[in-house]
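Subject: Structure for your review

Dear colleague,

Please find the sequence and the structure below. My notes on what was found follow directly after them.

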Amino acid sequence: MNSEENLKRPNDLTELKAMIVKTGLTLPEQQERAARMALINPELIAFGTVASVALKCSVSPSTVVRVATALGFASFRDFKAFFRQHLKTSRLAEQSINTARHAPPIPNR
């Protein structure tokens, strides 16, 4: 499958990674560089701008937008919201685990 075919927007990062593997998605070199950077460093997308992401990935801003649409997102704004939600969910899960670890033990009855 190439980047010209429309993909369904994934619901979470695990689904995004699975979609890439399942479809055998191939991207042009610069788009692949930006996509890999997004997966490795979600904060870059979540808190960056098209221009800052492009600079960090050494690609053009239009390449960053093309990556977002190639991965099933309507726009860079949608791509950014996806990564923000991922980080929020990840942090909430981490906080929940940490809270459970530090909670006092439940007494036996």
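Which residues does Thr-63 touch, not counting residues up to four places away in sequence? Thr-63 touches Gln-30 and Gln-31, where contact means heavy atoms within 4.5 Å.

Before going further, please note that this is a predicted model, in which local features need pLDDT of at least 70 and side-chain atom pairs count only at pLDDT 80 or more, while totals for chains, interfaces and linings use all residues. Residues are numbered from 1 along each chain as its sequence is written, and side-chain values use heavy atoms, with hydrogens and water left out.

Thr-63 is found in helix α5; helices (H or I, at least four residues) and strands (E, at least two) are DSSP runs, numbered from the N terminus. With a relative accessible area of 5%, Thr-63 is buried. Buried means under 20% relative accessible area, exposed over 50%, and partly exposed in between (1.4 Å probe, protein chains only). The side chains of Thr-63 and Ser-60 are joined by a polar contact of 2.9 Å. A polar contact is a pair of N or O atoms within 3.5 Å; within protein, one must be able to donate a hydrogen and the other to accept it, and residues adjacent in sequence count only if both atoms are side-chain atoms.

Next comes helix α4, residues 50-57, where Val-53, Ala-54 and Cys-57 are buried. Seen down the axis of α4, these buried residues fall within an arc of 100 degrees, so they line one face of the helix; the arc is that of the directions from the helix axis to the C-beta atoms. Leu-55 and Lys-56, on the other side of α4, are exposed.

Leaving aside its neighbours within four places in sequence, Phe-79 is in contact with residues including Ala-38, Ile-45 and Val-67.

The search of the whole structure also finds five aromatic pairs. Rings of Phe, Tyr and Trp (its six-membered ring) pair if their centres lie within 6.5 Å; planes under 30 degrees apart count as stacked, over 60 as edge-to-face and the rest as tilted. Phe-73 and Phe-82 form an edge-to-face pair, 4.9 Å centre to centre with 65 degrees between the planes, and both residues are buried. Phe-73, Phe-76, Phe-79, Phe-82 and Phe-83 form one aromatic cluster.

Finally, three salt bridges are found in the whole structure; a salt bridge is a side-chain nitrogen of Lys or Arg within 4 Å of a carboxyl oxygen of Asp or Glu. Arg-9 forms one with Asp-78, the closest N and O atoms being 2.9 Å apart. Arg-9 lies in the segment before α1 and Asp-78 in helix α6, so the pair ties together parts that are 69 residues apart in sequence. Arg-36 forms another with Glu-32, at 2.8 Å between the closest N and O atoms; both lie in helix α2, four residues apart, about one turn of the helix.

Yours sincerely
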